[in-house]
Amino acid sequence: MANLRDLAELPEVKSAVLSSESGAFLESVGEEPDGENVAAQMGFLTSAMAQAGDRAGLGALSRIAFSGQRGACLVVAQGDAVLTAFVAPPAALPMVEAVLGASRR
Amino acid sequence: MQTILRTLLDVTGVGAAIVLDGAGHLVCHRGRADYDKRRCEQVGGNLAKAVDAVELRQEDWETIAAHYANGKLLLRNLGSPGGREHVLAVIGDRTLNFSLATVAIRVAAVKLKKALGTGSAGLAAAAASQTPVTLPLPPKPGESRVGDSKPTLPGLNWSQTSSAGLSRVPVADPASGAFLHRSARELARHVGPIAKVYVEESVRRVSPDGPFSLPLAKKLVEDLAFQIEDPDDRASFRRALAKEV
């Protein structure tokens, strides 16, 4: 799993939260005021997406990215841990994904 | 709507395309033999929960991409045409070209919004025509199909990938338009034909309330640079346009 603090050093990452697969909050960095809420929501999101992928025959979930006009979010699932990074501007999402991908290799 | 979804299945690696309403019910679907209606409904139910979770964080979400060991699930928010929320979902296997699929989905979303906006008659017709379609399986790696080298997508002309689509972007003056064309051309060196789509999106971000003008050029270049993953390529792109910003 990528180091939470290394990730937070990217200026495009506004905050990041580390949580468990079941939605338990572990650690946060940056401007995130409500890490516990993020952990629960992303736990629910990864669970629903994992089930969707399972039914579609796509295998294990590795990451989810969602974006809008004002910001984007990257959720990386690895083992029992879930790493969530909030990114702005949203156009920086591919770059953050590339950094995370490189750190996982 | 069936015709629009059928276009998505023409993209290599796409197994199914689904339109869901806000409650996760299947409005319309099109899939290869192994993605029948029942299976798509099951996937749709899970996707509706996922969308609910995303909306808790970002109500104005536009896209969701989930990456799996053997493929991807790509979602596009269709908004509320006709007064009800809708989502387009595409299931892709390992052979899916992410950038190409993204463009195809974007094009399909525009058409679906129009189709859904026509009202309940369109939805009823879509529901009535829920007939699964069996298509040829995608080619195995190493194989090729006739026409694969130049995929055809509605709204995109691969023989004119320079900047043809930019004519839709509002600009303050001809010089601003020329700058957008040069930006798309430079960006295309690094990201390919999707460059003009990125430029259109970037203009919407840096100039949301009016036509694009040259004083915003620097902001546009910085925004576009994020689309280039390789740091050296990113620097090269910035250098190429530096003297104009």
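Guide: Two residues are in contact if their C-beta atoms, placed from the backbone, lie within 7 Å. This is a predicted model, in which local features need pLDDT of at least 70 and side-chain atom pairs count only at pLDDT 80 or more, while totals for chains, interfaces and linings use all residues. Residues are numbered from 1 along each chain as its sequence is written, and chains are lettered from A and ligands numbered from 1 in the order in which they are written.

Visitor: How many residues does the contact take from chain B and from chain A?

Guide: It takes 32 residues from chain B and 30 residues from chain A.

Visitor: Which element gives the most on the side of chain B?

Guide: Helix α2(B) does, with 11 residues. Helices (H or I, at least four residues) and strands (E, at least two) are DSSP runs, numbered from the N terminus.

Visitor: And how do the residues on that side divide?

Guide: There are 15 nonpolar, 9 polar and 8 charged residues on the side of chain B that touches chain A. Ala, Val, Leu, Ile, Met, Phe, Trp, Tyr, Cys and Pro count as nonpolar, Asp, Glu, Lys and Arg as charged, and the others, Gly among them, as polar.

Visitor: Let us turn to V43(B). Where does it lie?

Guide: V43(B) belongs to helix α2 of chain B, residues 37-57.

Visitor: Why does V43(B) count as buried?

Guide: Because it has 29 C-beta neighbours inside 10 Å; the rule is 20 or more other C-beta atoms within 10 Å for buried, 12 or fewer for exposed, and partly exposed in between, with C-beta atoms placed from the backbone.

Visitor: What does V43(B) touch, leaving out residues up to four places away in sequence?

Guide: Its contacts are A52(A), R55(A) and A56(A) in chain A, and I91(B) in chain B.

Visitor: How many bridges join β3(A) to β3(B)?

Guide: The two antiparallel strands are joined by 7 bridges, and A65(A) stands opposite A65(B).

Key: Two strands pair if DSSP finds at least two bridges between them.
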